Amino acid sequence: MTKKVLLIEGDGIGIEIVAQAEKVLKAVNEKDNLGLEFDYGMLGGRAYDQHGHPYPEETKVKAHQSDGILFGALGGPQWDGKTERHLRPEQGLLDIRSDLGLFANFRPATAFPQLVDAAPLKPELVSGLDILIIRELTGGIYFGQPRGIRTNDQGEREGFNTDVYSESEIRRIGHVAFQAAQKRDKRVCSIDKANVLDVTVLWREIMEEVAKDYPDVELSHMYVDNAAMQLVINPKQFDVIVTGNLFGDILSDEASMVTGSIGMLPSASLNEKSAGFYEPCHGSAPDIAGQNVANPLATIMSAAMMLQYSLNAPESAQKITQAVNIVLDKGLRTRDIQSEGCTIVSCSEMGEAVVEALNTL
Ligand code: ATP
Ligand code: MG
């Protein structure tokens, strides 16, 4: 059966990096006879310029019909402060996430052995690191009501947000985490602040309840302050981490830095149907946009995640990962990951090298 893939470049380096991932996807599609069908949509600043909205109706229709969406990055200084808040490029990303109900954000923090020497921690702490952070993406303090800035009884202004999670929201992300752990090292660490925040007392209770359905998976709990520390002193103790929106935002950035290869890391955001949205962890890098020097590997790895989670092609996903490793073994590097003795290649040369490696598998 044909599966529909929607490719969205976005802005800045999004254009260059998605073009490379597209080459790789088309190559694996042909090689493995996946029957993928490709379509194209717009999101962000250029979408606003062309359609008057950062998440145009046309993209919305296509997004709902697709089985997987591969996205680059969006935004740039040319749009900063130029549009109303609800029409900013970044709003396009929030809009598509809530429109598609993308509640589960997967961010693997995997150390590439070829790049471990460049990591900020000692190589022995990083080598072999393979963590999967699962962040709840549509609830918690980022969306809780009421919120705002008000004047209190003393006539002073105060800002406030509400951290709220319903049982069903916690249960839903809990099941996602346990099922992911079943396919990995069978350990889930749930991160909360249950000694202080009531919302996470409930979070912990529901995680315990969900765990009963997965006797093969071990559940542990950790306070977020300790987790932030443990990620730096002993990151390899973690397999799957599950946490709420705010803690997940912070910890996933921390974990990806620990690997030493933030420019290499993909992400997936999934909904109930697992029609997912895939994007690199980095932004649109306006400082190097249009120069053909960006690292396309995070986007190529995002395409691999899409094959695995949304397109039912885990072997093809594996081949892409293998091809990326071959290219790194050969010593090919984009500027951002350069090191002594390696060959610096452009964005498009890197994409072509991955395709070439793929064709040898
Ligand atoms: P956002 O808010 O969209 O996440 P950001 O402000 O965090 O964006 P990025 O766009 O991720 O910033 O860029 C941060 C730095 O990393 C910039 O110097 C940029 O050039 C560099 N960078 C980001 N992605 C890449 C990439 N794929 N290849 C090379 N360099 C990159
Ligand atoms: Mg950023």
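Modeller: By class, the shell around ligand 1 is made up of 6 nonpolar, 6 polar and 2 charged residues, where Ala, Val, Leu, Ile, Met, Phe, Trp, Tyr, Cys and Pro count as nonpolar, Asp, Glu, Lys and Arg as charged, and the others, Gly among them, as polar. This is a predicted model, in which local features need pLDDT of at least 70 and side-chain atom pairs count only at pLDDT 80 or more, while totals for chains, interfaces and linings use all residues. Residues are numbered from 1 along each chain as its sequence is written, and chains are lettered from A and ligands numbered from 1 in the order in which they are written.

In total 14 residues surround ligand 1, the closest being His282, Gly283, Ala285, Asn295 and Asp336; a residue counts here if its C-beta atom, placed from the backbone, lies within 6 Å of the molecule.

Asp225 belongs to helix H8 (residues 224-233) and Asp249 to helix H9 (residues 245-258), helices being DSSP runs of H or I of at least four residues, numbered from the N terminus. Asp225 is partly exposed because 13 other C-beta atoms lie within 10 Å, a label for counts between exposed (12 or fewer) and buried (20 or more), with C-beta atoms placed from the backbone.

Turning to the domains, the assignment, automatic or from a database, gives domain 1 (1-111 + 262-361) and domain 2 (130-258), whose C-alpha centres lie 26 Å apart.

Conventions:
Helix = DSSP H or I, 4+ residues; strand = E, 2+ residues; numbered from the N terminus.
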